[in-house]
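Please look over the sequence and the model before reading on.

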Amino acid sequence: MLTKSILDALNKQIRIEAESSQIYLSMACWAEVQGLEGVAQFMYNQSDEERTHMLKLVKYVNERGGHAEITDLKAPKTKFGTFKEMFEELYQHELFVSNSINELVHITLGERDYSTHNFLQWYVAEQIEEEAQAKTILDKINLIGEDRGGLYLFDRDIQQLSVTSSIAINPQ
């Protein structure tokens, strides 16, 4: 059984994961319109992954006797100055999500809910991966600089990264 404070915190995280999916989806749409097919595919895959993270939380809450609440979402930004700025925002968002997960873990320890604490360890590990991936992508973008040929190669290469990532991640 989940305490009210843990249930509230889990429902907040459900909303954050749903908003994350929407943010990635908006980034995918922007990238696609800009002709960045690889970046768009990467973002579409990330959007699906975030929705899977949300559904995993929903199932957990409902299975533990709580009621997962699906609430309204904050509309994501729809325009980005450059693809570099978009990835910088993505990185900052992943840091925000990591902080939110860490706060949730902190609550579970305070409430001595070791089952939820154990469940959340998957999310802790996932956020380490998400942050590292976003940082690596930013590092590559910084190496490219203003080189249009480099952007072309980056767009092609990130599509491979998204295929590899979607195969490697198994949230079940």
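Which residues form one aromatic cluster? The cluster is made up of F42, F83, F87 and F154.

## Basis of the report

This is a predicted model, in which local features need pLDDT of at least 70 and side-chain atom pairs count only at pLDDT 80 or more, while totals for chains, interfaces and linings use all residues. Residues are numbered from 1 along each chain as its sequence is written, and side-chain values use heavy atoms, with hydrogens and water left out.

## Aromatic pairs

The structure holds 7 aromatic pairs. Rings of Phe, Tyr and Trp (its six-membered ring) pair if their centres lie within 6.5 Å; planes under 30 degrees apart count as stacked, over 60 as edge-to-face and the rest as tilted.

Helices are DSSP runs (H or I, at least four residues), numbered from the N terminus. W30 is buried, with a relative accessible area of 10%, and F80 is buried at 7%; buried means under 20% relative accessible area (1.4 Å probe, protein chains only).

F42 and F87 form a tilted pair, 6.3 Å centre to centre with 40 degrees between the planes. This pair links distant parts of the chain, with F42 in helix α2 and F87 in helix α3, 45 residues apart. F42 counts as buried at 2% relative accessibility, as does F87 at 1%.

## A charge over a ring

The charged end of K56 sits over the ring of W122, 3.7 Å from the ring centre. The term applies if NZ of Lys or CZ of Arg is within 6 Å of the ring centre and within 35 degrees of the ring normal.

Terms used:
Buried < 20%, exposed > 50% of the residue type's maximum accessible area, 1.4 Å probe, protein only. Helix = DSSP H or I, 4+ residues; strand = E, 2+ residues; numbered from the N terminus.
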